[in-house]
Amino acid sequence: MTTDLQELRDRYAEIRAPLDELCLQLTEWLYDVTRRASILDPRVEGRVKEPHSLLSKALRKELEGDPWEDPLVDASDKVGIRADLVYTADRDRLTALILGADDMFETPIGVDDKLKTTLGVDRLGYHGVHFDVVPRDLPGRLPREMARCEIQLRTNAQAAWSMATHDLIYKAPVEPGDLLRRRVNRLTALLECFDEDVHRTRTAMMGREGYPEAIVLGALEAARMRFPAVVYDRELARDVVSVLIAGDDADRAHEIARELADFTEARHDKLERLFSKVSYGHFMLAQPETVLIFMMLESRPMQLRTRWVAGDLPYRLLDDLAGEWGATLPAPL
Amino acid sequence: MAKSIDVGQVEVLRLIGHRVPRKRGKDDTRRLALTEVVPDLPDKTLEFFGLRMKKSLSAKGQEVEVDERLGDPPLPKLLTEFVRETPRDLVATSKAAAEELYRSQGGSRYEDESLFLTLDVSLGGRPAVAVMKLEKESGVEWNEETTPQGEAVLMVEVNPRLFLTDNTRVFKAALFALLDGKFVGVVSDDQQGDPTDVADYFMRRFLGCRPRRSPAVTTQSFYRTVARFVDKELTDPEEKARVDTALKSEVNSNRPRISPAEWVGEHVPEEHQDRLLERFREAEIPTTTFTKDVSRLGNAPSRTKWTTASGITIAGNVNDMAERVRPGEDEDGTPIIIVRDTLTSAG
């Protein structure tokens with residue numbers, strides 16, 4: 001026995017506060033990335049390894065004959081951030097975003113895709129993606145060599161399996177035996193089928209007629225309902241949205257939905273003042289699509305104008321709304 | 001650059017109007033018809049005025065500031081006091097402003113009388129003030145009536161007392177607020193065909209203001225921004241040629257103003273329009289309108305040259321090039337350049 005557990009405990013206590021700070025920083029960063037990527041319902045959590053857990057692992061490594069030279073340096077999961085996601089496609093997108101975050105992390109960023117490294121073509125099992133990262137921006141008092149962190153991405157199905165097996169098998173108080181191990185492991189075949197069929201169903205849904213418009217309209221209704229509202233013309237809303245969500249926008253409906261949420265948040269006070277006039281102001285103030293029009297007036301006014309005219313919508317309405325928002329919009333040629 | 005006014009934040013709280021005649025000579029004895037009471041108007045009416053003003057200011061507005069070369073012009077002082085005071089005396093301020101308008105405007109044989117409004121405005125919750133000058137219009141009113149015989153009839157009547165309709169194009173509006181303690185405003189004048197009218201009478205003599213950004217600096221900035229955009233962000237030679245020629249033609253034209261958003265809509269391919277508007281915003285160039293002043297452009301290029309893939313060169317005055325030379329495609333998609341002109345010499 002070479003590890004001085006008391007000394008390790010004391011040294012770990014010294015870096016605990018900066019690790020807590022780093023954990024919060026990384027959790028917020030990852031949540032922000034998932035949000036900007038319009039990833040559906042991500043559950044992002046972070047934790048700093050408890051002292052007893054670090055000590056146990058250090059002891060176990062020694063007993064297994066593969067001791068850590070310095071557990072505070074060698075343990076890469078002292079800070080662990082995890083994102084549980086609904087779709088495998090979102091896991092793949094998030095993987096690309098993390099690997100591309102060289103302004104956030106030192107490079108190269110270590111990645112372990114379990115499907116490629118452990119499972120291959122003839123084995124079933126847990127398919128998470130793990131990253132070994134060192135953030136560039138570290139809290140003071142945290143030596144860089146002790147700042148390695150782990151990020152895990154997995155689907156909700158994999159998360160459910162992982163949590164159950166963690167308790168029943170991995171951290172089991174008594175040896176579960178081969179039969180119980182097999183019973184749990186064979187469930188991973190169902191996970192793979194589940195995730196794949198969910199992905200295929202989603203892809204099929206997104207290809208159905210009216211899907212992008214419905215996603216955007218849903219986001220608009222959610223945005224508009226944050227303010228004083230009256231009954232509105234849903235058919236008109238659908239018509240306007242189908243005119244404005246054209247071209248490439250049809251492929252980025254979820255992204256537009258997220259942009260609408262951000263826009264509504266950023267322009268909350270101005271929108272609230274305008275929509276408070278809904279009972280006596282311009283009739284379009286009752287309509288949820290007005291939020292999309294205001295957003296496009298700020299970011300893409302000429303594209304808005306082009307689509308509006310191409311869609312044979314009355315230009316007078318757009319002119320009025322540009323006035324309401326205080327936006328400059330030249331009349332069509 | 002100091003903060004700008006967000007016209008979209010305007011909310012009209014109260015307004016008061018006065019009839020302001022124009023003198024038609026020394027013998028014209030018509031006087032100001034000043035009112036004494038702020039009318040109790042329904043929200044819908046106030047909103048109507050608010051939207052009309054916002055539309056005018058956002059489409060044609062020019063940012064202005066007090067013209068200190070005029071000494072201590074009375075209107076900015078009056079309106080600054082109004083914005084600062086609590087409670088705000090709209091009647092007294094409005095009467096004083098109307099008298100100032102009556103003094104500052106010259107006689108016109110073409111205009112009869114106007115309606116002058118002072119509006120107590122909230123600008124995103126902070127106090128602001130606006131003035132509007134509206135010319136009289138005629139319109140037709142209609143009423144569904146019933147004849148003594150019980151037959152339905154639609155009666156129409158000419159109403160010569162209209163001042164502001166949904167389609168009114170002729171009026172002047174100005175909105176002022178204190179931003180970071182500085183009195184700034186946005187002014188629009190739908191009679192901008194005559195630039196001296198804005199500069200001398202409404203903007204300068206009445207409002208005591210001048211454009212907030214130097215026209216020469218803004219024109220230079222506009223020119224450089226578009227030129228850089230053509231050079232760095234357009235790749236298609238045909239698009240480059242068109243936009244570059246339009247830019248040079250614009251600065252060489254006799255038009256007194258440039259309206260960047262309109263210019264972009266007219267000369268820039270659709271897929272690039274929003275990107276150029278974004279470049280204008282980054283360079284703090286107003287997208288509504290500004291007075292053109294090419295004095296900082298030096299010798300603004302008045303000629304341009306196009307070279308084809310086979311080495312043919314077409315050169316000429318930018319205005320002629322913009323008007324007479326068009327790149328395009330023929331029916332089978334072959335690139336062509338059409339020059340609409342008369343050949344006068346060769347060799």
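Chain B has nine helices and 15 strands; helices (H or I, at least four residues) and strands (E, at least two) are DSSP runs, numbered from the N terminus. The model is predicted, so local features need pLDDT of at least 70 and side-chain atom pairs count only at pLDDT 80 or more, while totals for chains, interfaces and linings use all residues. Residues are numbered from 1 along each chain as its sequence is written, chains are lettered from A and ligands numbered from 1 in the order in which they are written, and side-chain values use heavy atoms, with hydrogens and water left out.

Along the principal axes, the C-alpha atoms of chain B fill a box of roughly 80 × 65 × 45 Å. Of the 347 residues in chain B, 47% are buried. Buried means under 20% relative accessible area, exposed means over 50%, and partly exposed is in between (1.4 Å probe, protein chains only). One residue of helix 1 of chain B is B:Asp43, which is partly exposed because its relative accessible area is 43%. From B:Asp43 to B:Thr219 there are 176 residues in sequence and 41 Å in space, C-alpha to C-alpha.

Next come the charged pairs. Over all chains, a search of the whole structure finds 59 salt bridges. A salt bridge is a side-chain nitrogen of Lys or Arg within 4 Å of a carboxyl oxygen of Asp or Glu. In one of them, A:Asp32 is joined to A:Arg36, with 3.1 Å between the closest N and O atoms. Both residues lie in helix 1 (residues 5-36) of chain A, four residues apart, which is about one turn of the helix. A:Asp32 has a relative accessible area of 34% and is therefore partly exposed; A:Arg36, at 45%, also counts as partly exposed.

Which chains does the salt bridge of A:Glu324 and B:Lys54 cross between? The side chains of A:Glu324 and B:Lys54 meet at 2.9 Å, N to O. The pair runs from helix 15 (residues 315-325) of chain A, where A:Glu324 lies, to helix 1 (residues 43-60) of chain B, where B:Lys54 lies. Both A:Glu324 and B:Lys54 are buried.

Another salt bridge, within chain B, is made by the side chains of B:Arg210 and B:Asp67 (3.8 Å, N to O). This pair links distant parts of the chain, 143 residues apart: B:Arg210 is in strand 9 (residues 209-211) of chain B, and B:Asp67 is in the loop between strand 2 (62-66) and helix 2 (74-84). B:Arg210 is partly exposed because its relative accessible area is 24%, whereas B:Asp67 has 1% and so counts as buried. Salt bridges can also join into a network, as they do for A:Asp249, A:Arg252, A:Glu255, A:Glu259, A:Arg300 and A:Arg307.

A pair of aromatic rings is described by the distance of the centres and the angle of the planes. Rings of Phe, Tyr and Trp (its six-membered ring) pair if their centres lie within 6.5 Å; planes under 30 degrees apart count as stacked, over 60 as edge-to-face and the rest as tilted. The structure holds 13 aromatic pairs over all chains. Why is the pair of B:Phe176 and B:Phe183 stacked? The ring centres of B:Phe176 and B:Phe183 are 4.8 Å apart and the planes are at 10°, so the pair is stacked. Both B:Phe176 and B:Phe183 are buried.

B:Phe222 and B:Phe280 form a stacked pair as well, at 5.4 Å centre to centre and with 25° between the planes. B:Phe222 lies in helix 5 of chain B and B:Phe280 in helix 8 (residues 270-282), so the pair ties together parts that are 58 residues apart in sequence. B:Phe222 counts as buried because its relative accessibility is 0%, and B:Phe280 is buried with a relative accessible area of 0%. In chain A, one aromatic cluster is formed by A:Phe227, A:Phe263, A:Phe275, A:Phe294 and A:Trp325.

The surface comes last. Patches are made of residues with over 30% relative accessible area and no salt bridge, where like charges are joined within 9 Å and nonpolar side chains (Val, Leu, Ile, Met, Phe, Trp, Tyr) within 5 Å. B:Val140, B:Trp142, B:Leu154, B:Val156 and B:Val158 make a nonpolar surface patch of about 550 Å². Strand 6 of chain B gives the most to this patch, with three residues. B:Trp142 lies in strand 5 of chain B and is exposed because its relative accessible area is 54%.

Definitions and conventions
Accessible areas come from the Shrake-Rupley method with a 1.4 Å probe; for residues, only the protein chains shown count as cover.
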